[in-house]
Amino acid sequence: MINVLLLISSVAFAQSGEELYQTRGCASCHEMQVAGCPDLTLLKEDGKVAGVLDLSPENLSKWLENPQEVKPGTAMPPSGLDEGQRMELAKWLLEEKA
């Protein structure tokens, strides 16, 4: 019974990639092009994440986890998202936003 409640609880609080984008601060920089933030509708054009990693959900997740590790000196802060949230956001960015 407890496992069922935990599952229902986690599903109820799960956020879609779009919800994460809107509620976690992504849109506030990327939609307004703050501090040189790229337009994410163009994400697929060069096939790279931040110009350094091949474009894939896994690499986007790696970028979102720790942008400074992937590209030292970048202005992008870590997302603070867990692995599942990063993958949800990455898939949405690739399938819907870009």
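At what angle do the axes of helix α4 (residues 57–65) and helix α6 (residues 83–97) cross? The axes cross at roughly 125° and come within 8 Å.

## Basis of the model

This is a predicted model, in which local features need pLDDT of at least 70, side-chain atom pairs count only at pLDDT 80 or more, and totals for chains, interfaces and linings use all residues. Residues are numbered from 1 along each chain as its sequence is written, and side-chain values use heavy atoms, without hydrogens and water.

## Overall architecture

The chain contains six helices and two strands, the elements being DSSP runs (helices H or I, at least four residues; strands E, at least two) numbered from the N terminus. Their order from the N terminus is α-α-α-β-β-α-α-α.

Of the 98 residues, 30% are buried (under 20% relative accessible area, 1.4 Å probe, protein chains only). The accessible surface is about 6,400 Å², with 56% belonging to carbon and sulfur atoms (Shrake-Rupley method, 1.4 Å probe). Among contacts with a separation of 6 or more, 46% are between residues 24 or more positions apart; contact means heavy atoms within 4.5 Å.

## The α4–α6 pair

The crossing of α4 past α6 is right-handed.

From α4, the contact draws on Pro57, Glu58, Leu60, Ser61, Leu64 and Glu65. From α6, the contributing residues are Glu83, Arg86, Met87, Leu89, Ala90, Lys91, Leu93 and Leu94. Eight residues of this contact are nonpolar, one is polar and five are charged.

Terms used. Buried < 20%, exposed > 50% of the residue type's maximum accessible area, 1.4 Å probe, protein only. Axes fitted to C-alpha atoms, helices over the stretch in contact; angles between N-to-C directions. Left-handed = near helix turned anticlockwise from the far one by under 90°. Nonpolar A, V, L, I, M, F, W, Y, C, P; charged D, E, K, R; others polar.
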